[in-house]
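Good morning, colleagues. Please look at the sequence and the structure on the screen while I go through a few residues and the helices around them.

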Amino acid sequence: MPWPPSLRAREDGGRTLYDTGRLRESIVSAASAREVEVLVAWLHSESKEEAARRLYLGATTVNTHISRIRAKYTAVGRPAPSKAALFVRAIQDGYVDLADW
């Protein structure tokens with residue numbers, strides 16, 4: 001899912017220069033398929049424990065994947081400290097669609 005035109009100044013080799021003047025990279029290519037799967041399951045769940053049950057994982061494994069995703073977003077200047085912030089990032093990066101909710 002592309003960024004809205006109002007937020008996108010130009011794209012250059014997988015990087016986007018935003019109107020804030022900061023160069024940010026997308027984590028789309030950095031996140032593993034399993035990390036994305038866990039993120040989406042957690043976003044659809046009430047808790048990490050529920051997501052873990054759905055995916056036949058331990059809750060600590062879910063927590064580890066979520067922590068790694070948060071670290072990747074932070075590393076590219078797009079921190080997501082809460083579940084709501086991760087939901088926004090997941091929409092922005094095309095992992096989920098608002099129509100799914």
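Tyrosine 95 has a relative accessible area of 18%, and it is therefore buried, the limit being under 20%. Please bear in mind throughout that this is a predicted model. Where in the chain does tyrosine 95 sit? Tyrosine 95 belongs to the segment after helix 4. The C-alpha atom of tyrosine 95 is 7.4 Å from that of valine 40, although 55 residues separate the two along the chain.

Valine 40 leads me to a second residue, phenylalanine 87. Here the C-alpha atoms are separated by 8.7 Å, and the two residues are 47 residues apart along the chain. Phenylalanine 87 lies within helix 4, which spans residues 83–92.

Helix 1 covers residues 33–43. Its axis and that of helix 4 are 11 Å apart, and the two helices pack at an angle of about 120°.

Helix 3 runs over residues 59–75, and its axis comes within 12 Å of the axis of helix 4, with a crossing angle of roughly 65°. Helix 3 and helix 4 are therefore roughly perpendicular to each other, as that class takes in 65 to 115 degrees. For helix 3 and helix 4, too, the crossing is left-handed. On the helix 3 side, the contact is made by Ile66, Ile69, Arg70 and Tyr73; on the helix 4 side, it is made by Lys83, Leu86, Arg89 and Ala90. By class, the residues of this contact are five nonpolar, no polar and three charged.

I return to helix 1 for one further residue, glutamate 35. Is glutamate 35 buried or exposed? Its relative accessible area is 5%, so glutamate 35 is buried. A polar atom of the glutamate 35 side chain lies 2.9 Å from the backbone nitrogen of serine 32. Not counting residues up to four places away in sequence, glutamate 35 touches Ala30, His65, Arg68, Ile69 and Lys72. Of these, Ile69 also takes part in the contact of helix 3 with helix 4.

To finish, a view of the whole chain. The chain contains four helices and three strands, and along the sequence they follow the pattern β-β-β-α-α-α-α. Of the 101 residues, 37% are buried. Among contacts with a separation of 6 or more, 47% involve residues 24 or more positions apart.

Note on methods
Residues are numbered from 1 along each chain as its sequence is written. This is a predicted model: local features need pLDDT of at least 70, side-chain atom pairs count only at pLDDT 80 or more; totals for chains, interfaces and linings use all residues. Side-chain values use heavy atoms; hydrogens and water are left out. Buried means under 20% relative accessible area, exposed over 50%, partly exposed in between (1.4 Å probe, protein chains only). A polar contact is a pair of N or O atoms within 3.5 Å; within protein, one must be able to donate a hydrogen and the other to accept it, and residues adjacent in sequence count only if both atoms are side-chain atoms. Contact means heavy atoms within 4.5 Å. Axes are lines fitted to C-alpha atoms, for helices over the stretch in contact, and angles run from 0 to 180 degrees between N-to-C directions. Angles under 35 degrees count as roughly parallel, over 145 as roughly antiparallel, 65 to 115 as roughly perpendicular and the rest as oblique. A crossing is left-handed if the near helix is turned anticlockwise from the far one by less than a right angle, and right-handed if clockwise. Ala, Val, Leu, Ile, Met, Phe, Trp, Tyr, Cys and Pro count as nonpolar, Asp, Glu, Lys and Arg as charged, and the others, Gly among them, as polar.
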